[in-house]
Amino acid sequence: MRPHTKAFSFNDYHVIGFDLDGTILRYNLDEVVPMEHELLCRYLVEHKGYSNQLLAFLDKPCEMDFLQKGLFLDAERGNVLKLDNNGYILKANHGTRTMTDSEISNAYGCERKWSVTLQFINDPLCAWNGPLAEKMRSLLDYFDISVSLVFAHAIDEIDAKRKLNNTTDQSPYNVWADILEALIHIYTRENFSNGKSGYFEKIKSQPDRYLLKTSPVVIDWLRKLKESNKKLFLLTGSHIDFANFTASYALGENWRDLFDVVICFARKPGFFHAGREFHQIDGFREADPINLDENLEFNKVYSMGNWKQLQKAFAQSIDIDVSDMRSLYVGDNLIQDVYAPEALAGMDSLAISEEMLSESEESELPNHFKKIIASNYWESYFYEDGVPTLWTHIVAKYSKMCVPTLEHAAAKPIDYEFRMNNEIGFYPSPPVVVE
Ligand SMILES: [Mg+2]
């Protein structure tokens with residue numbers, strides 16, 4: 001390997017795991033993100049007493065410019081933050097209003113650092129649950145990317161009310177708790193089969209509108225990986241009924257055959273470090289648990305579970321010591337799919353980041369996500385004034401390579417050695433550095 005470059009080959013691994021949503025299965029983001037945004041707003045208006053005004057912003061495409069993956073909510077202060085790799089606040093909003101430098105220093109000190117996000121940078125899982133999760137939220141994938149916009153407009157509404165009432169009320173905002181309730185309603189797994197979530201109902205009724213078919217290049221590449229005696233697994237947070245619906249659409253009815261084992265409702269990042277039991281799946285129902293010391297069978301679908309037990313089963317099936325087995329995980333969520341497997345499970349990871357497409361020199365963005373992944377408001381996802389953002393730092397530290405889509409990796413033979421011309425690990429070309 002040349003100095004200051006990274007090299008990577010899928011051939012170096014015995015076991016390769018894949019995330020489903022945003023990795024193997026891609027969404028039509030220009031359709032699905034506004035739909036999620038509308039459902040969140042409707043929930044707040046219909047169940048939490050917010051004004052109809054929230055819905056008025058839905059018809060304005062420019063509003064989508066306020067979305068970017070990787071933003072942080074400061075729930076109590078009502079702010080949205082963009083951070084660099086040291087936790088320095090590069091840019092901040094209160095509601096939809098840009099904060100001035102002096103407002104940022106007044107709120108967070110002249111260092112422009114917030115103790116809660118510093119804790120997150122030190123240990124990204126510390127804010128997953130518990131008290132910090134009530135103060136701060138990082139928006140990490142396309143399921144929650146629209147939250148920053150809903151949150152900001154809801155904060156505006158509360159500020160306007162406080163002003164109207166001439167109150168000097170400075171009490172913490174409660175908007176995030178309301179949005180979390182809405183997110184839980186929209187994505188709760190039971191709501192796929194019982195029809196209670198507009199999200200699942202819309203995808204069920206118009207899959208062509210919201211989902212993309214996975215490229216035949218990727219499907220063929222998965223087959224070749226499996227034929228070359230690598231063990232493949234699919235690990236998704238979705239319950240089996242929704243995963244089956246989306247994967248059947250994107251990969252075909254026989255999607256399960258592409259993998260040696262499929263794990264649904266995996267509850268990442270806990271899957272990689274906690275010792276949850278696997279459960280059998282009976283039809284679309286979660287059935288009996290499997291003891292932690294029991295052997296897993298292949299060509300099956302499980303629910304929940306843990307990496308240690310899966311790792312042991314793979315090592316036995318290929319007759320190798322666990323310590324000699326090399327495993328890779330591929331996904332688009334930089335904490336759940338990239339940080340957690342690498343930092344907590346001793347795996348390697350490969351990052352998928354569609355944002356690379358909007359920030360590379362040559363690319364013309366495909367229609368299905370033009371509106372969503374390029375933000376004129378927050379600007380680059382990767383750099384600000386030449387300084388890497390927190391997310392570029394995570395990619396550099398925890399992933400072996402970062403590609404815009406899986407197709408970029410699958411276009412090469414499986415024994416291809418990828419050589420990157422940058423030390424972060426971006427392939428095929430790094431995003432343009434914004435000075
Ligand atoms: Mg994903």
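Trainee: What spacing do the donors of the magnesium ion follow along the chain?

Mentor: In this predicted model, the donors follow the spacing D-x1-D-x310-D.

Trainee: And which residues coordinate the magnesium ion?

Mentor: Asp 19 (OD), Asp 21 (O) and Asp 332 (OD) coordinate the ion, at 2.1 to 2.2 Å.

Trainee: Is Asp 19 buried or exposed?

Mentor: Asp 19 counts as buried, because its relative accessibility is 5% and the cut-off for buried is under 20%.

Trainee: What about the relative accessible area of Asp 21?

Mentor: That value is 9%, so Asp 21 is buried.

Trainee: Changing topic: which domains does the assignment give?

Mentor: The domain assignment gives domain 1, made of 7-26 + 211-419, and domain 2, made of 29-205. Their centres, taken over C-alpha atoms, are separated by 27 Å.

Trainee: How many residues does each domain bring to the contact?

Mentor: Domain 1 brings 43 residues and domain 2 brings 40 residues.

Trainee: Now the helices. How do helix 1 and helix 6 cross?

Mentor: The axes of helix 1 (residues 29-48) and helix 6 (residues 147-164) come within 9 Å and cross at roughly 35°. The crossing is right-handed.

Trainee: Which residues make that contact?

Mentor: Helix 1 contributes His 37, Leu 40, Cys 41 and Leu 44, while helix 6 contributes Val 147, Leu 149 and Val 150.

Trainee: And what are they by class?

Mentor: Six residues in the contact of helix 1 with helix 6 are nonpolar, one is polar and none is charged.

Methods. Residues numbered from 1 in each chain as written. Predicted model: local features only at pLDDT ≥ 70, side-chain atom pairs only at ≥ 80, totals over all residues. Heavy atoms only, no water. Axes fitted to C-alpha atoms, helices over the stretch in contact; angles between N-to-C directions. Helix = DSSP H or I, 4+ residues; strand = E, 2+ residues; numbered from the N terminus. Left-handed = near helix turned anticlockwise from the far one by under 90°. Contact = heavy atoms within 4.5 Å. Nonpolar A, V, L, I, M, F, W, Y, C, P; charged D, E, K, R; others polar. Donors = N, O, S within 2.8 Å, 3.2 Å for Na, K, Ca; no water. Buried < 20%, exposed > 50% of the residue type's maximum accessible area, 1.4 Å probe, protein only. Domains from an automatic or database assignment.
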